[in-house]
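Work through the following exercises with the sequence and model at hand. Each task is followed by its solution.

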Amino acid sequence: MNIIIPFIVLLLSASVQGAPCRALVLEGGGDRGAYQAGAIRGMYEELGSNETTYDVISGISVGAVNAVAYSLYPPGEEEKATKWLMDFWKGMQRDKVFVNWPYYILEGVFYEGGIFDTSVFVDYVNSVVPTKDVQKKVSVGAVDSRTGQFVRFTEELEFDDLAFKATRGSAAIPGAFPPVEFRNMTLYDGGVAMMLDVAGAVDRCKETADVDEEITIDIVMCNGNTINKEDTSEYNSISNYLRFKEIRKYRESMRWIADALTNFPRVNFRYLVVPNKPLDNEWVPINFSEEHNERLMQRGIEDAKEVIREGPKKLYSEVEKYLSDVPTNPVQTEAFEGFTKRVKNNPMGISI
């Protein structure tokens with residue numbers, strides 16, 4: 001009897017243990033979302049379905065678009081999901097994303113919330129989606145311009161509200177695309193607050209995982225390409241300015257990675273896919289041409305496969321080393337900690 005009781009207790013404790021959770025976190029970046037689609041496909045081709053089955057997908061701006069799109073297939077159908085996501089981007093030409101207003105830029109600048117009209121995107125999505133059943137946990141981040149607060153939305157919303165209100169709001173680049181009115185909020189691009197919402201993925205994973213060690217995260221960026229050493233001693237003013245932009249872009253993008261590693265030290269950060277050189281020179285990334293999308297998708301496939309062949313955690317280590325001389329920004333640290341301590345996701349959207 002004395003042997004049986006501890007055995008029963010052990011069985012009961014095992015039965016209530018949390019389940020491991022794997023999450024994919026997608027950065028914002030306009031038309032560079034095509035790169036993400038390619039990277040997700042490349043990860044699948046290199047790792048296989050078992051290692052690219054995600055329980056949670058978190059996205060900001062175009063990352064939110066890809067998060068919802070990729071979640072339309074259930075776990076185990078990664079072949080279909082990645083192929084459809086590539087096809088989705090092949091068809092995403094400029095006139096499927098935005099068009100001019102009837103009175104062109106003049107109307108957009110002075111009478112509308114953005115230079116271009118994005119209502120056509122709703123028609124495009126409705127014409128190509130295989131289903132309106134979101135089959136994974138998702139976290140979509142946007143900014144409520146009325147309050148300046150960051151808000152999250154989940155798959156508990158009806159598809160039309162999630163895709164055409166929350167997600168379209170998350171991708172509404174201020175000035176270029178009009179904000180989206182939704183439930184007493186005016187939604188801007190989530191990138192206004194942050195380009196990468198790791199905390200949103202961790203928070204959703206904690207719904208099933210008991211401890212951080214049970215959480216594995218892959219991240220796909222589309223900005224902040226790797227930085228290389230250069231001899232700048234003979235640069236002229238233009239070259240120095242371009243180098244300054246390159247350094248600042250890299251550090252700003254990678255800062256979110258460094259903060260995530262600092263704030264979630266027990267989470268298993270596995271693969272980090274980052275463009276190994278700049279994807280384009282666009283000030284506002286809204287090209288969306290067929291040639292542009294195809295080129296970025298192919299780059300994404302190639303970069304993802306290269307990262308995986310080098311092994312997990314490699315780029316995370318490089319980011320930590322490169323940014324180790326900079327103390328963690330206390331404002332961003334507070335934001336990350338606040339997400340996990342105060343935020344409880346629900347379909348209404350939660351403010352930070």
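**Exercise 1.** Is Phe-98 buried or exposed?

The model is predicted, with local features requiring pLDDT of at least 70 and side-chain atom pairs pLDDT 80 or more, while totals for chains, interfaces and linings use all residues. Residues are numbered from 1 along each chain as its sequence is written, and side-chain values use heavy atoms, without hydrogens and water.

Step 1. Buried means under 20% relative accessible area, exposed over 50%, and partly exposed in between (1.4 Å probe, protein chains only).
Step 2. Phe-98 has 5% relative accessibility, so Phe-98 is buried.

**Exercise 2.** Classify the ring pair Trp-84 and Phe-88.

Step 1. Rings of Phe, Tyr and Trp (its six-membered ring) pair if their centres lie within 6.5 Å; planes under 30 degrees apart are stacked, over 60 edge-to-face, and the rest tilted.
Step 2. The centres of Trp-84 and Phe-88 are 5.1 Å apart and the planes are at 20°, so this pair is stacked.
Step 3. Both residues belong to helix α4 (residues 78-90), 4 residues apart, and both are buried. Helices are DSSP runs (H or I, at least four residues), numbered from the N terminus.

Terms used: Helices (H or I, at least four residues) and strands (E, at least two) are DSSP runs, numbered from the N terminus.
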